[in-house]
Amino acid sequence: MKVQEDNEPFDDINVTPMLDLAYVLLVIFIIMTTASVQGIKVNLPKASNAPSLAKPQTKAITITESGQIFLDTYPVSIDELRTQLGALKAANPELPVVVKGDTVVQYGRVMEVLELLGQLDITQLGLVTQKLVK
C-alpha cells in the first residue's frame, strides 16, 4: 500500500458508492415490476388438448343477393326454415340466431326472416355486419 503525502492531489475514483446506488436501484426496480405484474389472483380454468365434441349452438341464417335462404350452410325455403327452427327452439329455448344478409338483398326478404324469428319467439338475435373501414 502506498502512503500519500498531505499536499498531493488524490487521483483515484472511489466507485463503491456508485455501485451501492446501482444495486439499490436494481432491487427497487425488481420489486416494483413484480408487484405491478401480480394483479388479482383468480383460479383459471384448465384447457385440454382434446377437441370439443359439443356442437355450436348458434345458428346462422344467410340471405344471398339472389334472395336464397341458407340455414348454416344448407339451402332452405321459408317453410323449411320455420320447421327446422321450431324443432331447434323446442330443444333449446334460448336458441341464439344470427342473420347475415347481403347488402343488395331486398329489405322485404330480410324482414320476412325477422318476422319468422319473432313468430317463433326467438329473442337471442344478432345481425351480422362488416367492420367499418376508416
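## Basis

The model is predicted: local features need pLDDT of at least 70, side-chain atom pairs count only at pLDDT 80 or more, and totals for chains, interfaces and linings use all residues. Residues are numbered from 1 along each chain as its sequence is written, and side-chain values use heavy atoms, with hydrogens and water left out.

## Helix α2

Helix α2 spans residues 78–91, 14 residues in total. Helices (H or I, at least four residues) and strands (E, at least two) are DSSP runs, numbered from the N terminus. From first C-alpha to last, α2 reaches 20 Å, close to the 20 Å expected at 1.5 Å a residue; the expected span is 1.5 Å times one less than the number of residues.

Ile78, Leu81, Leu85 and Lys89 are the buried residues of α2. Buried means under 20% relative accessible area, exposed over 50%, and partly exposed in between, with a 1.4 Å probe and protein chains only. Viewed down the axis of α2, the buried residues fall within an arc of 60°, so they line one face of the helix; the arc is that of the directions from the helix axis to the C-beta atoms. Asp79, Thr83, Ala90 and Ala91, on the other side of α2, are exposed. The buried residues pack against β1 (59–63), β2 (69–71), β3 (74–76) and α3 (107–119), where contact means heavy atoms within 4.5 Å.

## Salt bridges

Two salt bridges are found in the whole structure. The criterion is a side-chain nitrogen of Lys or Arg within 4 Å of a carboxyl oxygen of Asp or Glu.

One joins the side chains of Lys59 and Asp72, at 3.2 Å from N to O. This pair links distant parts of the chain, with Lys59 in strand β1 and Asp72 in the loop between β2 and β3, 13 residues apart. Asp72 is partly exposed, at a relative accessible area of 30%.

Glu112 and Arg109 form a salt bridge, their closest N and O atoms being 3.2 Å apart. Because they are three residues apart in helix α3, about one helical turn separates Glu112 and Arg109. Glu112 is partly exposed at 33% relative accessible area, and Arg109 is partly exposed at 26%.

## Surroundings of Lys59

Lys59, in strand β1, has a relative accessible area of 18% and therefore counts as buried. Leaving out residues up to four places away in sequence, Lys59 touches Leu71, Asp72, Leu88, Leu95, Pro96, Val97 and Val98.
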